[in-house]
Amino acid sequence: MNATEMAYGRFVPHQLLRLLKRPSIIDVQLGDHVEQEMSLLFSDIRDFTTLSESILPAENFRFINSYLSTMEPVVGRHNGIIDKYIGDGIMALFPGSADDAVRSGIDMLNQLTTYNIGRSRAGFVPIRIGIGINTGLVMMGTVGGHNRMDSTVIGDAVNLASRLEGLTKNYGTPLVISANTLHALEDQEVYNIRFIDRLRIKGRYQSQAVYEVFDADPEPLRLAKQATLHDFEEALACYHLGRADLAQPLLQECLRITPDDRAVRVYLERCKDFLRLGPGEHELPMEKEVDWRREYSIGIREIDTLHQEQLSCIARLERQVEAGDSAAASASLDSFAEHNALLNSSVENLMQRYNYPFITDHLKQHAAFDRAFAELRREIEAGARNPLYLLFRIRLLLADWQINHTTKSDLHLGHFLQRAGVS
C-alpha cells in the first residue's frame, strides 16, 4: 500500500472499502452500497457544550483530539470501524457480532476511568459519556455528488442506536442497548444486564425494550445492582403495568441497598408523579392486550396468517397467567411452542427455496427467540414469580419481540419474496 492509499485510509477506513468490495479508494463510485446486518454504537460526551464554553477554542480542539485518540484504538480492538466523528461524538460500526459492540462499549467506559485519572492529575474535571448500541440491517454506501461524496450508513437501526445514546441521560447510566442487540449476543449471561425501560418511539409499531449494561460500574455499585436485580426488574414490571403503588416499595428497598443507583431514583420520582398526576404523555400503561393489526402484514398470506395466530396464542397466554390459571397456561405454552415451530419452519423453507441472502442472520434471530421462550417457560412453570412480572415478561419476550421482528426482519423478507413473485 502506497503513501497516498495510507493517507486516504485515515479518512475512509480500509475496512469500509472491503465491505463495499472495492480494492482501493480510487475504485469507489457514487452510489456504491451494500446491505448488511451490523451493530451500531453511538457515544457522546455529557455536558460537552458547558465544558467547551469554559475553555479556549484551541484548548477545546486539544481536548477533543486527546479524548478521541484514547477511544479510537478501543473500537479497533473489538473489530469496530469508526464511521465518523460527530464533534465530540463517535459513530462506530461492528459488522462482526453484537458482542464486539457491547465489549467495545464496556472497554470504552473502563478506558474512560483511566483517562479521567489523568485529567484529574492535570487539574481538569472528569468527563462522563453515554453509549447506545443497536443491531439490525443497514445500508452502507456512498452519498453526495460527483465532486464531493462521503461514506455513510443509513437505516432504521442507525436511528434507534443514536436515540439510545441520548436516552442514557434519562437513566443516569452510561451504556444502554436495544432488545435487538440483547438477543443477538452469543451468551447474555457473561454480561451484567438489566431491563431499564420500554419506550414508544416515533415510527415504530411496537414499544422498544431498552437494557442497561453495567459491567463497567465501580465494583461496589455493580455488586449492589446484582443484589437488587430481582426487586428492580419486578418493580419496573409493576410500574409499566400501571401499578406504581406496587413498584414504589420495591424501589425503596433497592435504594436502601444501592443509594448510588440513579435509575432507581429516576423511577421513584416517576412513581411519585404517576400516583399524584397519573401517567405522563410518554408513559402510558402497557396496552391491555396484544392483537393483530393491518400494519403488521408482510404481504405473504401464509406467513401473515401464522403471525396472526401466534399473536392470538400470546394474548391467550397473557390472560391465563394474569388469572393465575397455571394448568391452562401450561397448555398454552405447549400450543405456542408447536405454533412457533410451524411458523419458523414455513419462514425458513421460503428463505431456502428463494435463496434469501440474509438467511443466516434471520435464523440466528429465530434461535435467540427460542432461547428466550425456553427461559420464560421455565419461569412461568416454576410459579415462583409475581404474576405481574411474568405478564410483563410475556409482553417483552414474546409480543414485543414478535411484532418488532415481523415489522422489520420479516417485512424485509416479505419484500424480497414479493419481488420473486411470491404472494
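Me: How do the axes of helix α13 and helix α14 cross?
Reply: In this predicted model, the axes of α13 (residues 326-353) and α14 (residues 359-382) come within 11 Å and cross at roughly 175°. That makes α13 roughly antiparallel to α14, a term for angles over 145 degrees. Axes are lines fitted to C-alpha atoms, over the stretch in contact for helices, with angles from 0 to 180 degrees between N-to-C directions. Helices are DSSP runs (H or I) of at least four residues, and strands (E) of at least two, numbered from the N terminus.

Me: And which residues in α13 meet α14?
Reply: Among them are Leu333, Phe336 and Met351 in α13, and the residues they join in meeting α14 include Ser330 and Asn340. Contact means heavy atoms within 4.5 Å.

Me: Changing topic, what volume has the largest pocket?
Reply: About 1,000 Å³, the space filled by probe spheres set on grid points joined across faces, edges and corners. A pocket is an open set of points on a 1 Å grid over the protein atoms alone, where a 1.4 Å probe fits, with protein on both sides within 12 Å along at least five of seven lines; lining residues have an atom within 4 Å of a point.

Me: Which element gives the most to that lining?
Reply: α15 does, with eleven residues.

Me: And for the second largest pocket?
Reply: There α14 gives the most, with six residues.

Technical notes: Residues numbered from 1 in each chain as written. Predicted model: local features only at pLDDT ≥ 70, side-chain atom pairs only at ≥ 80, totals over all residues. Heavy atoms only, no water. Parallel < 35°, antiparallel > 145°, perpendicular 65-115°, else oblique.
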